[in-house]
Amino acid sequence: MPQDLRASRLAYAEQLFRSTGPVAVSANVDRAYRDQAGVLTLVELKTRNADKVYLSDVIELSAQRHALHSQTGEQVSEHGYVVVQRVGATRKRVHRVKLLGDEQFSLIVTRRERLLIQAEIPGPPRSAALCEHCAYRSECKWGARRSR
Amino acid sequence: MKAAAKRRRRSTSVSASELAQMGVCERLVVFEHRYGTRGLPQQQAAIERSRRAHERFYRRGRIASAPLGRCFIATMVFGEGPETQTLRAFRDQVLRRGPTGRRLIVTYYRIAPGVCRMLVRQPWTHSVLRIALRPVIWLALRWLSATGARRAP
């Protein structure tokens, strides 16, 4: 557990929340701790090869924040924690991350919607190395170009 | 027509993990929406590994944060007496603060119900356990007073 949350109590564990609105966001919260002031802090577990935090983790935690706040009305902290457990290791490392603001989060939701209706052109991957393990490499022009 | 309508319906609801893909690759988001999730064998193995890790994470979180769980063996041999209260206070105020202590709690809660079932069948062991646990309780009391932790409620 992150040091900052020692005085907090576990409020939710492995619980699904859903927001309302034009685009409903559903999110499964790994853990949410409530501090003495009643503010919830989100904790997300990740198992991966590298002890790193990615933008996708921040987006996922921000979606959880949005859904949890929308369903319960409770205040959720603007920062959260990503607990990274490396493959084959038992120790976990905790990373504190700043979550996206409401406006930034809405922009991502809107952009995704626009990508799906082909109103915008999708951008390249975060890292070219991702294409190596992508299941759509044969269909994707970008991936095919990278693997040549 | 039907597929397009289905896509439109689906696009009004999104999961956090689907949104997170936006931080990985926008093309992947489009492909998964168009063709469904397609996993390579190593990705399936990673999903399974993650599922197991999440189960452990969930169990440990619940145990570490349980406000006042049962202290199975002590309750069985001492009842709800001061000895049990002391061991509970030691668990909550000392063991629960560190990773090794939390691991001990997890292990204890895993094996204790089985031990209790065995103890029910062997009542003579209760007095032996009471004697064996006395020094443990004494040590726990000493520890609690040395660290200034609250005594049992």
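## Close-up views of a predicted two-chain model

View 1. Strand 2 and strand 3 of chain A run antiparallel and are joined by 4 bridges. Between the two strands of the hairpin lie 5 residues. Look there for A:G38, which takes a positive phi near 90°.

**View 2. Strand 3 of chain A also pairs with strand 4 of chain A.** These two strands run parallel, with 6 bridges between them. One pair to find is A:R48 with its bridge partner A:R86 in strand 4. To get from strand 3 to strand 4, the chain passes through helix 1 of chain A, and this β-α-β crossover is right-handed.

**View 3. Strand 2 of chain A reaches across to chain B.** Here strand 2 (residues 24–34) of chain A meets strand 1 of chain B. The two run parallel and are joined by 3 bridges. Among the residues to look for is A:A24, with B:S13 as its bridge partner.

View 4. The contact draws 44 residues from chain A and 35 residues from chain B. On the chain B side, the elements giving two or more residues are strand 1 (13–15), helix 2 (16–20), helix 3 (26–35) and helix 4 (41–65). Helix 4 gives the most, with 10 residues. By type, this side of chain B divides into 16 nonpolar, 13 polar and 6 charged residues.

**View 5. Helix 6 of chain B is covered by other helices.** This helix (residues 82–93) has 12 residues and reaches 16 Å from its first C-alpha to its last, close to the 16 Å expected. Its buried residues include B:L87, B:R88, B:F90 and B:R91. Among the elements covering the buried residues are helix 5 (72–78), helix 7 (99–121) and helix 8 (125–146) of chain B.

View 6. The average pLDDT of chain A is 87, and 95% of its residues score at least 70. Among its elements, helix 1 (residues 55–72) has the highest mean pLDDT, 94, while helix 3 (residues 141–147) has the lowest, 59. Where pLDDT is low, predicted coordinates should not be read in detail.

Conventions: Residues are numbered from 1 along each chain as its sequence is written. Chains are lettered from A and ligands numbered from 1 in the order in which they are written. This is a predicted model: local features need pLDDT of at least 70, side-chain atom pairs count only at pLDDT 80 or more; totals for chains, interfaces and linings use all residues. pLDDT is the predictor's confidence in each residue, from 0 to 100. Two residues are in contact if their C-beta atoms, placed from the backbone, lie within 7 Å. Ala, Val, Leu, Ile, Met, Phe, Trp, Tyr, Cys and Pro count as nonpolar, Asp, Glu, Lys and Arg as charged, and the others, Gly among them, as polar. Two strands pair if DSSP finds at least two bridges between them. A crossover is right-handed if, with the strands pointing away from the viewer, the path from the first strand over the helix to the second runs clockwise. The expected span of a helix is 1.5 Å times one less than its number of residues. A residue is buried if 20 or more other C-beta atoms lie within 10 Å of its own, exposed if 12 or fewer, and partly exposed in between; C-beta atoms are placed from the backbone.
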